[in-house]
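Please have a look at the model first.

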Amino acid sequence: MKRFILSLAALAFLVPATAHAAGDQEVPPEHHWSFNGIFGTYDRAQLLRGLEVYRGVCANCHGLKYVRFRDLEAIGLSEDEVKAIAANYTVEGDVDSFGDPTTREAKPFDAFPSPFPNDEAARASNGGALPIDLSLVAKSRVHGPDYIHALIGLGYEENAEPGPTGLYHNPYMAGGYIAMPPPLFDDAVEYHDGTAATVEQMSTDVSAFLMWAAEPKLEARKAIGLKVILFLLVLTGLFYVCKRKLWANVEH
Amino acid sequence: MQALLNNGFIRWFDNRLPVLSWTNHHMMEYPAPRNLNYAWNFGSLAGLALVLQIVTGIVLAMHYTPHADMAFDSVERIMRDVNYGWLLRYMHANGASFFFIVVYLHIARGLYYGSYKAPREVLWWLGLVILLLMMATAFMGYVLPWGQMSFWGATVITNLFSAIPLIGEPIVQWLWGGFAVGNATLNRFFSLHFLLPFVIVGVVVLHLWALHHKKSNNPLGIDYKGPQDFIPFHPYYTIKDAFGAGVFLILFAIFLFYAPNYMGHPDNYIPADPLVTPAHIVPEWYFLPFYAILRAIPDKLGGVLAMGASIFILFLLPWLDTSRIRSATFRPVFKWFFWLLMIDLVVLGFCGANPPEGFWVPLSQVATVYYFLHFLILLPLIGWFERPRPLPDSIAKPVLKA
């Protein structure tokens, strides 16, 4: 009987594992992220550095439409710092009294806007390629943050030149070629905490930041999960003891 | 319960609407075979999973917007801005997978112990109807987030109906509500995804009615001889089911809190784009064996018919299995073929997960042929030629003697 259940369970769990088989791209090396594991949490200092990389480099082409400025308070910024960051961005306002469209400074309740007014404008400025919104990129790609880190931190050749099609070789991209020019070079941003801004450092920090952007409730999820599972273990243990006691006098 | 019924008011009420004596009859005193093992826990677990899906689903529907331009955003709003929205959505998404896990185990138990045989054929049929309804519900639910896999999964599956000669195209357009998968499709899928779970509840009631009418099968697969074969459902099986539910919830919580996207597909975090086809369109894991059968046949109509037949053949199982012995415990040959069938299904699952190229194509064809061979040829032959081991006289006898 035990064997019956175990074998069936083993068979059932083998199947989903293969659904994740990657395509023809190179598998990114595994990075040890602070948010891995049961007790994993985001490294606030790393997220702030990642935010600096996003704002200094990625935001030139990529939006972050599901992240509101006020969400940044969760990674350690004060209300005033959030207001100051939002003020750097312009968003669409209401129509004015003449019925004409207006723009205004972004407020904490606004999301990071795309740098382009629409997809066509974005394509026109990027040789036909559309820079994706980065809010969910850490979840919409196999290997998530490892993939981002490898793609922008390890994948480009030194002094990479685009090929005849305007694409850059990058083994971590599906198909091996990517339209995005190498985004990072040493000292592309100046970190507020004085950390040396190497390509490796920046690609790691921004990958962690994008993981937070995609899964902002990760810490709450793991913390609640631990309590729930501990509670269930005790409850299930009690059920088992009761079951043993109740069945003790029943021949079965 | 008896003490409760001694109360004057309750007795008066129960005499006019016998809810309490009904509960007593069906959930407490209800006689269950004394020898049920843990494989009999999966029925109550499936019921638990259904309740979890309905409760989380109703709350999700309060926050979700079924519109092609807003569905994806509204799901992200649930994940980020709705209080514990992430918990609800991850429960619902992983709950669907766990519902299928326990239902597949429940069906496997029925196959192993011959629970589909007389006098439980109608009980078995109702279970298959529930499975079909679950499949439709899960498929339409997967479309609702309106990600890339939602959109392309919907396109691939609805297009299957175009294989029907003559009326195929009009049927597909009727399903879509247009000339492509679009907002009309999303709206009707949302409506049906809300409706079907309650239809499932209705069929579950019939399933339980049929069960309580003919009583549970048991690991020995023999008929009951008298009251000594039974014990009351409460407290013996209520506590055993509670323990099983605890184990189920622990496994569920591990996925829910620590690997909530493990059983999903990353592409579904990309908003639906009718102009960009994903490299590999893969259904959710619980459809993979059927997907493999669909693709194993080089002809579209043939593939659709084979996939449909793979489930409908199960309706004929009570007559395809010619053995009168129910439990595999007493069927030395059948037992081996049961496990071969399980391996075959896992192989089909792998075939469905991988692109239809290279050795996966012949492998899925062999596995598909074996699947039908098992039901159409092997089962009748085994029943005729197998020499079963001697059956015990009664459920109670081997137990009480030991």
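How much area do domain 1 of chain B and domain 2 of chain B bury between them? In this predicted model, the two domains bury about 3100 Å² between them, 72% of it on carbon and sulfur atoms. Tyr112(B), Lys117(B) and Leu160(B) supply 21% of the area on the domain 1 side, more than any other three residues. Lys117(B) also meets Asp321(B) in a salt bridge, 3.0 Å from N to O. Elements giving two or more residues to the domain 1 side are H6, helix H7 (121-143) and helix H8 (148-159) of chain B, and H7(B) gives the most, with 10 residues. By class, that side has 26 nonpolar, 8 polar and 3 charged residues.

Now for the contact between the chains. Chain B and chain A bury about 5100 Å², 75% of it on carbon and sulfur atoms. On the chain B side, Arg80(B), Phe257(B) and Tyr258(B) lose the most area, together 15% of what that side buries. Here Arg68(A) forms a salt bridge with Asp81(B), the closest N and O atoms being 3.2 Å apart. Several helices of chain B each supply at least two residues to its side, including helix H5 (71-80) and helix H15 (332-353). H11(B) gives the most, with 17 residues. That side of chain B has 46 nonpolar, 6 polar and 8 charged residues.

Here are the two interfaces in brief.

| Interface | Buried area | Share on carbon and sulfur atoms |
|---|---|---|
| Chain B and chain A | about 5100 Å² | 75% |
| Domain 1 of chain B and domain 2 of chain B | about 3100 Å² | 72% |

Technical notes:
Residues are numbered from 1 along each chain as its sequence is written. Chains are lettered from A and ligands numbered from 1 in the order in which they are written. This is a predicted model: local features need pLDDT of at least 70, side-chain atom pairs count only at pLDDT 80 or more; totals for chains, interfaces and linings use all residues. Side-chain values use heavy atoms; hydrogens and water are left out. Buried area is the accessible area (1.4 Å probe) that two parts lose on being put together, summed over both. A salt bridge is a side-chain nitrogen of Lys or Arg within 4 Å of a carboxyl oxygen of Asp or Glu. Helices (H or I, at least four residues) and strands (E, at least two) are DSSP runs, numbered from the N terminus. Ala, Val, Leu, Ile, Met, Phe, Trp, Tyr, Cys and Pro count as nonpolar, Asp, Glu, Lys and Arg as charged, and the others, Gly among them, as polar.
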